[in-house]
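Hi,

Here is the structure I promised to send over. Have a look through it first, and then read on for what turned up.

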Amino acid sequence: MKNYNKYKVGYFNPPMKANEYEWTQKDHIEKAPIWCSVDLRDGNQALIVPMSLEEKVDFFQYLVKLGFKEIEVGFPAASETEYEFLRKLIDDNLIPDDVTVQVLTQSRAHIIERTFEALKGAKNAIVHLYNSTSFAQRQQVFRASEEEIIQIAVDGAKMLKEYAAKYSAETGTNFRFQYSPESFTGTEMEFALDICNAVIDIWEPTPDNKVIINLPATVEMSMPHVFANQVEFMSKNLHRRENIILSLHPHNDRGTGVADAELGILAGGDRIEGTLFGNGERTGNVDIVTLAMNMYTHGVDPELDFEDMPDVVAHYEEYTNMTVSPRQPYGGALVFAAFSGSHQDAISKGMKWREETDPSKWTVPYLPLDPHDVGREYDGDVIRINSQSGKGGVAYILERNFGYTIPKAMMAEVGYMMKDISDKHHEELQPEDIFKAFEAEYINDFSPIDIVDATFSHFSSTKSASADGMTVKMRAIIDGTTYNLEADGNGRLDAVSNALRKTDYHFDYKFVTYSEHAISADSNSQAAAYVCIADPKGNQYWGIGTHDDIILASVNALVRALNRMNKRIHFVK
């Protein structure tokens, strides 16, 4: 791209001085930050069609249900709708005692007064004061000096303090203050520090009345480590730091909002403002769902409830008319899906290893999170079958959904069959489609060969003193002709094979392998038997039989294998 020189580093984003930063020595977040949802303000103002009053009320209550204790509900002095929304929350007692509503205000007397009027009767409220501080805004928008910009913030801080004292005495509201140097990431750090400290000096925070200093990446301008350096610089130099809650408000213009937030927490951030799935202006706010779940997968309680992620997605999409991408971390429809054969095989083996060793730990390959922890299922969510899938994935679906534990030696054949079906139809195969094709090809087919009745009895073998043989009396129907047969063998299937060879047909095959299992754990469940036979050229044919009786299931499996072989060898003319 030819015009890259327009975007020289440092023009919009003043560079940081090289230094040794302590956050670089940390490798994980130890505890959840204070969360503040800005879905109803920052998120709502970015919607093509903003939420109605009823939708905002419903969304507020849902955010409370998820565990948010601080929720920015709007800019009540900016519009009648936002004013009415706040009043409804207060007048209808919809704000739990442990939840604090946050409202935004500019540093203007009439706006601040209207803001406090809107908060009458609220038990706990954060009044959020902001003004733009960046070099570009000062130069191009306000055409004001640093001193003039600081004065705007100081005047606003004084008014907040005065109105809070007045209204707190009248209504008993517990007011807290927050200040944001808007466009912090485009502000020289020394100036950002000066303006924040000027506000802090006005508000005089104490251990019992802490002040929130919020650092917004209003526009994300730098690599995440630079933002972390900025946060650590502020954290180390703010006045009365022990009485300050350092808040971060990352946007996602560079696609690294989550990284900004995570490194910012390592660098001293105590609090995060963001939205569900990153809704917000331009590319959005930081995604609180991703942040919280990232912590969860590192063994940290995020103190938010995302245990039913499909429900979170559904509510978000209902309220915002936005859609969650299928690849959205944690919430997307495909984030746990594995189509690749090698991935499916590793996941399947990892699941079995976990069951056999320590189910309390999660180390399954390709899955950083147990889907069950967020209300997702292994079936249909994890292993999904298309033309790229392999034997392990198909076998997993058949076992997990339908109870068929197909032998390892059979997996490749079944896998290739499903890949071919998917490829020809150019579509994903659902579990029901997989089983339908599997059943039609392998299970209980009785044409043109059928054994309709078989009775077995033991006899002492002359070949070995320790071995017993098996006699079968059976009735077979082959191509419409009925045969009453009897033969001996060293086992039931050998006896059946010897009996079949007494017919007019030339049955020339040998047994390769046999296995069996119950299809489910129920005492009345059917049994499944798997038989593999080979013709004189070594071609193998699998058959599966099911029946309440495992002996008859094995006979059915042999019959199915023979009927598959007959299509190639043509026992029956």
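A residue counts as buried here when its relative accessible area is under 20%. Please keep in mind that this is a predicted model.

Let's start with the aromatic rings. There are 14 aromatic pairs in the structure. One of them joins Phe-277 and Tyr-316 edge-to-face, with 5.2 Å from centre to centre and 65 degrees between the planes. This pair connects distant parts of the chain, 39 residues apart: Phe-277 belongs to the loop between strand E8 and helix H10, while Tyr-316 sits in helix H11. Tyr-316 has a relative accessible area of 4%, so it is buried. Phe-277 counts as buried too, at 9%.

Another pair is Phe-435 with Phe-438; their centres are 6.4 Å apart and their planes meet at 45 degrees, so this pair is tilted. Both residues lie in helix H16, three residues apart, or about one turn of the helix. Phe-435 is buried at 16%, and Phe-438 is buried at 0%. The two also belong to an aromatic cluster with Phe-402, Tyr-404 and Tyr-442.

Two arginines are worth a look as well. Arg-114 lies over the face of Tyr-83, 3.7 Å from the ring centre, and Arg-501 lies over the face of Tyr-509 at 4.8 Å.

Finally, helix H6 covers residues 146–171. Its 26 residues should span 38 Å at 1.5 Å a residue, and the end C-alpha atoms are 37 Å apart, which agrees. Among its buried residues are Ile-149, Met-159 and Tyr-167, and their cover includes strand E3 and helix H7. Gly-172, with a positive phi near 80 degrees, follows H6.

Best wishes

Definitions and conventions
Residues are numbered from 1 along each chain as its sequence is written. This is a predicted model: local features need pLDDT of at least 70, side-chain atom pairs count only at pLDDT 80 or more; totals for chains, interfaces and linings use all residues. Side-chain values use heavy atoms; hydrogens and water are left out. Helices (H or I, at least four residues) and strands (E, at least two) are DSSP runs, numbered from the N terminus. The expected span of a helix is 1.5 Å times one less than its number of residues. Buried means under 20% relative accessible area, exposed over 50%, partly exposed in between (1.4 Å probe, protein chains only). Contact means heavy atoms within 4.5 Å. Rings of Phe, Tyr and Trp (its six-membered ring) pair if their centres lie within 6.5 Å; planes under 30 degrees apart count as stacked, over 60 as edge-to-face and the rest as tilted. A charge sits over a ring if NZ of Lys or CZ of Arg is within 6 Å of the ring centre and within 35 degrees of the ring normal.
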